[in-house]
Amino acid sequence: MVPPMSLRISVDTGGTFTDFVCLDDSGEAQVTKILSLPENPAAAVFAGLRQIAAARGLPLSELLASTTNLFFGTTLGTNAVLTGTGARLGLLTTKGFRDLLEMRRGTRDHLYDNKTPPPSPLVPRYLRLPITERVDAAGEVIIPLRAEDVAQACATLRREEAEAVAVAFLHAYCNPKHEREAAALLARLWPQAFLSLSSEVAPAIGIYERTSTTVLNAYCGPLMQRFVGRLQEELRGAGFGGSALVMQSNGGMISPADAGRFAARTILSGPAAGAMAGRALARQTGIDTCITLDMGGTSTDVCLIEAGEPIVTTEARLGAGRYRLNLPTLDIHTIGAGGGSIAWLDRGGLLHVGPQSAGAQPGPACYGRGGRRPTVTDANVLLGCIAPERFFGGRMQLDSQAARRAIEEEVAGALGLDAAAAAFGIITVVNTNMAAAVREVSLDRGYDPRDFALVVGGGAGPLHACAVAREIGIPRIVVPRDASAFSAHGMLATDLRHDFVATFTGPLDGSSAKALPQTFAELRRQAHAQLEADGVPESGRQLVPSLDLRYKGQYHELTVPLAAGDAESGAFPATAGAFHSRHEQRYGYAVKEDAIEIVNLRLLAIGCLPKTAAPAKAARAPSTLASPSGMRAVYLDRRGGFREVPLYDGALLHPGFTANGPALIAQPFTTILVAVDYTVQVDPYGNYLLWR
Amino acid sequence: MSAPATTADASVDPILVSVIGKHLENITHEMGIAMTRSTSSPFFQVKDMCTAILDERARLLCQKEYLPLMAYTFPTMLEALLKFFGDDVGPGDVFITNDVFYGGNQAQDLAFFRPLFWEGALRYWTATKGHQVDLGGPILGGYNPRAREVWQETVRIPPLKVYEGGKLRRDVWNLLMENTRLPRLVGRDFQAMIGGCTVGERRLQALLQRYGHPSVHAHIDALLDSSEAMMRLEIERLPDGAYQAEASTQDDGQDKEAVYTARLAVTIAGSSITFDFSGSDPQAPGWINGVYATAFSAAVCSLFMCVDPLIPRNDGAMRPIRVLLPEGSFLNARYPAASVRGNFTCNDVIGDSIMKALAQVMPERVTAGWARSLTGSIAGIDPRTGEKYYDVMFISNRGGSGGTQGTDGWSYIGILTLGGGITVQDLEIHERTKPHFFHELEFAPDAGGAGRWRGGLGAHSRFTVFARDTEIVMRGDNSNAPFGLFGGRPGRRGECRLEQANGEIVEVQANELYTLRRAAQIEFFAAGGGGFGNPLERDLDLVADDLRNGFITPEAAVRDYGAVLNADGSLNHAASAARRGQLRAEVKSGC
């Protein structure tokens with residue numbers, strides 16, 4: 001007999017694995033991992049849910065009936081962008097400006113590479129249709145919208161069998177009149193079309209970035225709408241009566257309906273969940289400045305958390321950097337470094353690792369599925385860091401001879417090294433790449449990474465944690481208890497989040513005191529309407545206003561939060577000071593005598609969701625501390641070669657357990673390598689704290 | 001897993017070579033970030049800048065070339081600096097220089113150098129370089145089309161110490177600030193550049209701390225050797241021999257009809273390559289002259305575009321390359337020649353002649369001609385603020401790149417030695433911050449030269465200037481069209497037209513200064529890239545796509561590509577294929 005429980009389940013669909021965390025109301029977490037089914041992500045969701053139900057001895061319908069919340073992180077949008085499988089769509093632009101999307105502000109990423117063709121825009125030119133209309137930089141209508149042009153464009157797009165329309169007119173961020181007129185016409189003439197307006201999707205200045213974001217929204221929208229529609233229907237059919245929510249790139253949840261309408265907000269759904277896991281861990285452990293490093297099969301996501309909050313950017317790029325996304329997005333730096341990253345030599349004999357990955361198929365050579373090229377996982381197997389019999393919860397057999405062969409043939413021979421030294425080289429190079437990513441999210445933004453703790457998750461991450469931290473000089477590391485399902489865990493600790501923005505030009509002084517509160521009032525009205533629609537009661541709403549500011553004449557803004565009441569009064573006694581000190585901190589100087597100008601007003605609307613705190617456990621007396629379950633030969637460095645290292649079974653370790661490196665701690669889906677000069681301790685929540 | 005031993009013999013570890021190479025790349029990148037994130041300058045904003053690390057012998061170890069043409073000039077500048085200061089270099093010094101007769105490439109491209117001392121000896125230099133809005137001289141921005149000598153361009157700054165032993169030389173700083181029209185802007189960018197050098201120094205020190213000097217040094221040597229080996233492998237594949245080509249530019253700022261020709265002989269011998277420009281025309285009386293650093297840089301970066309893009313662009317990779325530039329020619333002008341437009345000249349004639357010469361030995365790697373340089377800078381008073389403003393027409397001046405075997409050229413990409421660097425300002429932000437209103441900014445159909453691989457398109461733009469007291473200086477080349485290769489046609493040449501508010505229309509010439517009346521309209525056609533290969537061999541599906549997208553007009557489809565169109569304007573595949581067969585046969589039989 002199972003007592004009635006209320007469960008909250010999160011599902012993170014990744015490129016290689018789909019991860020599940022099921023949390024009951026005592027805070028106990030159940031982690032499951034299955035191989036992803038890219039061609040039918042919903043089927044993988046149900047397969048995992050069945051596995052959870054089976055483990056609890058329940059039929060699926062009962063599991064779902066006792067589930068109050070289901071959270072989804074998805075790579076649907078990312079994959080559609082990467083593989084070019086989004087919607088066929090049209091773009092309506094101001095007449096005379098239909099190529100701005102394809103002009104990409106005149107740049108390319110690889111300055112010397114003349115052989116790579118220019119990237120194809122998501123909308124070809126013949127589907128970018130000019131509309132007679134013009135608004136100027138002050139928001140004045142210079143040429144009224146010509147309705148006939150919209151009707152004609154509509155007819156063209158229907159004939160071309162488009163299913164979505166993006167509308168992006170010049171200066172619509174400050175006057176959306178024409179976009180709304182065009183939308184009304186389209187809705188009347190073609191009600192089935194998926195509509196994406198720049199003034200709704202990303203109403204900030206910057207025509208290229210805004211157009212690109214609006215187009216991405218229309219490109220992913222129909223797909224996302226179908227996915228969430230079908231999933232909701234099937235879940236309901238299977239007995240789910242709770243609330244389903246989708247993770248957004250900004251670290252908050254959104255309703256499935258809004259995820260469909262504003263699909264662009266969910267494109268970095270999975271990585272954002274990882275960053276939010278770091279945020280939750282920061283709260284739990286009291287380490288509120290940390291850098292999360294989530295290393296999976298294909299890529300590593302890195303995000304900086306300052307004072308308990310991940311940094312937010314509006315300058316993200318997708319699809320190998322080809323498409324700009326101008327929405328508030330957790331500032332996550334992704335590099336092609338994962339367990340499946342392939343090691344290769346260039347013509348000068350220099351060793352590189354990634355960004356190409358062996359993925360799940362054929363996978364690393366040691367998977368024995370036909371992969372012949374050496375990967376990071378192969379190197380770890382060869383060096384003894386991965387116990388082949390324990391991999392993937394013991395459900396996957398690894399071929400360590402195949403790993404050795406691949407490394408000998410492709411790397412060791414050409415470098416004149418033995419296989420172990422070459423494997424160690426592969427690990428060193430991938431660690432250097434990850435360290436560079438950590439520097440990028442920290443130093444790039446004016447932070448010293450040594451002031452941060454490194455939070456390491458993902459199936460592959462904990463093996464590399466010590467080396468990456470040492471490379472940068474970070475003294476403290478945290479490996480969360482369920483590191484292998486890091487992102488899925490993160491979703492259970494999030495809230496509903498909506499970002500509202502209004503472009504505003506004016507100096508930060510008394511002269512804006514009248515207009516600012518009016519604009520903020522309008523943003524508050526929008527925020528309340530949204531949270532009302534989400535079903536969030538007034539008591540669960542939180543509105544956070546901020547300003548994008550810069551010194552007059554600068555090109556980059558800094559976002560500065562406002563003190564309580566400032567958005568209503570329009571007086572900002574402390575804001576200038578806060579801006580100067582933030583500038584000083586990021587860029588090394590402040591110019592107190594310079595005028596500050598306002599670029600955008602922002603309002604973050606949060607709808608609080610219930611959370612379950614994990615139970616803290618008391619430390620055991622030293623006499624009951626675990627001893628190693630065995631010894632393994634592990635290659636720790638080039639001087640020492642292979643050494644016998646104690647191997648602990650993570651499941652048997654209790655709070656208070658402490659050991660000095662070198663040591664290996666095996667978890668069902670990951671292994672922690674504790675380096676020679678590190679100490680590891682299990683905290684009351686079952687997390688591993690490492691320090692030097 | 002502690003750090004590898006740092007022994008004096010420093011036996012080279014191949015892994016550590018990769019690791020140190022990546023560290024150097026990261027450091028130059030971080031130096032660049034320090035410059036761009038807090039800038040107020042329109043030039044750093046678009047990344048008209050470079051950063052580098054050199055050693056005590058002025059060898060280039062690593063660079064971040066946001067703008068390739070500017071990048072390869074660090075060694076010549078540092079050599080001149082070392083020659084002047086000799087032993088008078090100490091810890092905490094910071095040097096500044098912009099002078100073209102002390103190794104620089106253009107007077108506005110100003111550099112800072114900071115020495116790094118380790119264990120008491122000078123070992124490395126960190127350096128930043130960036131285009132300055134104004135350093136003083138007769139014209140805001142420094143582009144004086146009437147200049148005949150160096151003093152009529154921009155204030156000359158030979159190598160100077162701005163910091164000595166960690167202390168700011170206020171006298172030197174003051175001299176520099178009193179000469180610029182925009183001291184607040186320029187002063188802040190100087191700080192950002194010095195900050196970039198400091199960031200680089202700190203990170204290099206950390207590297208030395210960790211691995212020790214002998215080891216870092218030995219591994220950097222190995223890295224340079226590996227880069228050299230990569231470059232030699234590329235050259236060795238090519239047949240030995242000498243290959244000639246020419247390219248010209250017209251109008252030297254003094255004489256509209258004057259033509260200057262670069263004459264190039266490329267010699268490939270084993271794994272070495274020589275670019276010999278002996279026989280090029282003598283130096284000009286006007287501002288178009290190149291100087292050594294610019295011409296060298298243009299040659300090297302053109303070659304780097306034709307080899308494996310993974311080769312690190314450092315001193316090692318440049319060892320197999322020789323560039324011979326006769327002194328007193330328009331590519332390497334003698335003191336005190338004017339040279340502020342030389343960047344453009346060298347881009348155009350050196351880039352073009354190298355592509356044409358290499359087309360004879362590596363046809364699969366070269367591109368047809370890129371857009372020739374043509375741009376204007378506008379200076380005036382913004383009536384909304386009453387303040388001076390300055391704009392380089394980055395939005396309008398983007399042309400197309402040349403086609404190459406296997407792919408069309410890039411549209412709206414700029415000139416060859418930019419390589420697609422420099423980010424154009426967003427149009428909405430531009431209209432908010434500059435007194436300009438755009439009527440049109442789109443690809444110009446048919447601008448790309450026809451070819452089996454079509455040239456990239458340039459932009460067609462029209463905008464009204466609402467400023468007061470406005471002048472526009474045009475520079476570059478509107479006489480020559482970007483060349484086609486192997487039967488490809490030339491791209492459209494650049495053009496500019498000015499319509500004053502009273503209806504008067506002026507065909508704008510390069511190398512001239514014009515005064516704009518209020519509400520004048522400027523129309524600009526940026527050049528298209530040249531085509532590659534016979535247009536009759538272009539895949540008909542691609543021709544149909546180009547037609548459908550309006551990249552080519554129906555007339556061009558019929559005229560250049562041998563297409564036959566249906567009544568609805570679409571391409572008729574069967575009829576087109578038949579007509580093209582006929583046209584090719586006619587060419588063969590000489591009709």
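The model is predicted, and local features need pLDDT of at least 70, side-chain atom pairs count only at pLDDT 80 or more, while totals for chains, interfaces and linings use all residues. Residues are numbered from 1 along each chain as its sequence is written, chains are lettered from A and ligands numbered from 1 in the order in which they are written, and side-chain values use heavy atoms, with hydrogens and water left out.

A salt bridge is a side-chain nitrogen of Lys or Arg within 4 Å of a carboxyl oxygen of Asp or Glu, and three salt bridges are counted between domain 2 of chain B and domain 3 of chain B. B:Arg454 forms a salt bridge with B:Asp546, with the closest N and O atoms 2.7 Å apart.

The next topic is the interface of the two chains. The size of an interface is often given as the accessible area lost when the parts come together. Between chain A and chain B this buried area is about 7500 Å², with 55% given by carbon and sulfur atoms. The contact takes 86 residues from chain A and 86 residues from chain B.

B:Glu442 forms a salt bridge with A:Arg125, the closest N and O atoms being 3.7 Å apart. B:Glu442 lies in strand β14 (residues 436-443) of chain B and A:Arg125 in the loop between α4 (100-103) and β6 (128-131) of chain A, so the pair joins two chains. Helices (H or I, at least four residues) and strands (E, at least two) are DSSP runs, numbered from the N terminus. B:Glu442 is buried, with a relative accessible area of 12%, and A:Arg125 is buried at 3%. Buried means under 20% relative accessible area, exposed over 50%, and partly exposed in between (1.4 Å probe, protein chains only). B:Glu442 also forms a salt bridge with A:Arg98, where the closest N and O atoms are 3.9 Å apart.

Other salt bridges lie within one chain. In chain A, A:Arg541 pairs with A:Glu532, the closest N and O atoms being 2.8 Å apart. A:Arg541 counts as buried, because its relative accessibility is 13%, whereas A:Glu532 is exposed at 53%. In chain B, the side chains of B:Asp171 and B:Arg169 meet in a salt bridge of 3.1 Å, N to O. B:Asp171 is partly exposed, with a relative accessible area of 48%, and B:Arg169 counts as partly exposed at 28%. Salt bridges that share partners join A:Arg98, A:Asp99, A:Glu102, A:Arg125, A:Arg128 and B:Glu442 into one network.

Chain A also contains an open sheet of four strands in the order β29-β30-β32-β33, with mixed pairing; two strands pair if DSSP finds at least two bridges between them. In chain A, β29 (630-637) and β33 (671-674) stand at the edges with a single partner strand each, so one side of each is left without a neighbour in the sheet. Neighbouring strands of this sheet are turned by 35° against each other on average, direction ignored. Strand β30 (residues 641-649) and strand β32 (residues 663-666) of chain A run parallel and are joined by three bridges, and A:Leu647 stands opposite A:Leu664 in β32(A).

How values were computed. Axes are lines fitted to C-alpha atoms, for helices over the stretch in contact, and angles run from 0 to 180 degrees between N-to-C directions. Contact means heavy atoms within 4.5 Å. Buried area is the accessible area (1.4 Å probe) that two parts lose on being put together, summed over both.
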